[in-house]
Amino acid sequence: MNTSVTILPINPNVDSEWREVTPGERFRLLTSAADTNGIYTIIEMVGEARNGVPAHTHANEEEHFVVLEGSVHLTNGDQSLSLSAGDAATVKRGTPHAWCNLSDEPVRMLIIFSPGHMEKAFRMIGALSNGDLEAIASSAEDSGSTIVGPPPFENIYSVLSPRPQA
């Protein structure tokens, strides 16, 4: 039995610097679709207390969540889940979903898109310098994502209602 481990090479084209989606929500690209022949992309996401995303769908990708620290609330179609460190969940393509950090502490998680084409939208979001919400929405739509509603809880900061700049 072959027990060897394949380690992906460090790709100089992957910018692993932390980028901000909105104040209180930042990410960095860990594994590029280029490294996996387009099979997946891995993003590390940190969401501060009361940050989240609007309800949305992905036309082309499954989205896998792995919680590393803290906890997150995930709506996945008709399901409502509370995930803590060590928990994971998968959202199938086309399913309306959203995540929110309802705790008082940050949540840190891996988000894996398969296939990895959502990377393009995250690269574009990371390149924005002024939090251009229309550009974020446009980039997501270009990548096959559609916002279908607000975050599933009141008083959540998101691209629809950003946290005031500190």
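The protein's secondary structure amounts to two helices and 11 strands, where helices (H or I, at least four residues) and strands (E, at least two) are DSSP runs numbered from the N terminus. This is a predicted model, in which local features need pLDDT of at least 70 and side-chain atom pairs count only at pLDDT 80 or more, while totals for chains, interfaces and linings use all residues. Residues are numbered from 1 along each chain as its sequence is written, and side-chain values use heavy atoms, with hydrogens and water left out. Let's take a friendly walk from the overall layout to the details.

**Overall layout**

- Along the sequence, the elements follow the pattern β-β-β-β-β-β-β-β-β-β-α-α-β.
- Of the 166 residues in the protein, 46% count as buried; buried means under 20% relative accessible area, exposed over 50%, and partly exposed in between (1.4 Å probe, protein chains only).
- Among contacts (heavy atoms within 4.5 Å) between residues at least 6 apart in sequence, 68% join residues at least 24 apart.

**The sheet**

- An open sheet is formed by six strands in the order E1-E2-E3-E10-E5-E8, with antiparallel pairing; two strands pair if DSSP finds at least two bridges between them.
- The edges are held by strand E1 (19-22) and strand E8 (88-91), each of which has a single partner strand, so one side of each is left without a neighbour in the sheet.
- From one strand to the next, the twist averages 25°; axes are lines fitted to C-alpha atoms, for helices over the stretch in contact, and angles run from 0 to 180 degrees between N-to-C directions.
- Helix H1 (residues 119-127) packs on the sheet, where it touches E1, E2, E3 and E10, and its direction makes about 130° with that of E2.

**Strand E3 and its partners**

- Strand E2 (residues 25-31) runs antiparallel to strand E3 (residues 41-47), and six bridges join them.
- Within this pairing, Leu-29 stands opposite Ile-43 in E3, and Arg-26 stands opposite Val-46 in E3.
- E3 also pairs with E10, in the antiparallel sense and over seven bridges; here Val-46 stands opposite Arg-108 in E10.
- In a regular strand, side chains alternate between the two faces of the sheet.
- E3 is covered on both faces: Thr-41, Ile-43, Met-45 and Gly-47 on one side and Ile-42, Glu-44 and Val-46 on the other are all buried.

**Aromatic and charged neighbours**

- Rings of Phe, Tyr and Trp (its six-membered ring) pair if their centres lie within 6.5 Å, with planes under 30 degrees apart counting as stacked, over 60 as edge-to-face and the rest as tilted; by this rule there are two aromatic pairs.
- Phe-27 and Phe-122 make an edge-to-face pair, with 5.0 Å centre to centre and 75° between the planes.
- This pair links distant parts of the chain, since Phe-27 belongs to strand E2 and Phe-122 to helix H1, 95 residues apart.
- Phe-113 and Phe-122 have ring centres 5.7 Å apart and planes at 45°, so this pair is tilted.
- Through these ring pairs, Phe-27, Phe-113 and Phe-122 are linked into a cluster.
- Phe-27 counts as buried at 4% relative accessibility, Phe-122 is buried with a relative accessible area of 13%, and Phe-113 counts as buried at 1%.
- Arg-26 lies over the face of Trp-18, at 5.6 Å from the ring centre; a charge sits over a ring if NZ of Lys or CZ of Arg is within 6 Å of the ring centre and within 35 degrees of the ring normal.

**The nonpolar core**

- A nonpolar core is a set of buried Ala, Val, Leu, Ile, Met, Phe, Trp, Tyr and Cys residues joined through side-chain atoms within 4.5 Å; the largest one has 25 residues, of which Trp-99 and Met-109 touch the most other members.
- Two or more residues of this core come from each of E2, E3, strand E5 (62-69), strand E6 (71-76), E8, E9, E10 and H1.
- E10 gives the largest share, four residues.
- Leaving aside neighbours within four places in sequence, Met-109 is in contact with several residues, including Ile-43, Met-45, Phe-65, Val-67, Val-72 and Trp-99.

**A loop residue**

- Glu-105 lies in the loop between strand E9 (97-100) and strand E10 (107-114), and counts as exposed at 53% relative accessibility.
- The C-alpha atoms of Glu-105 and Ala-49 are separated by 5.6 Å, although the two residues are 56 apart along the chain.
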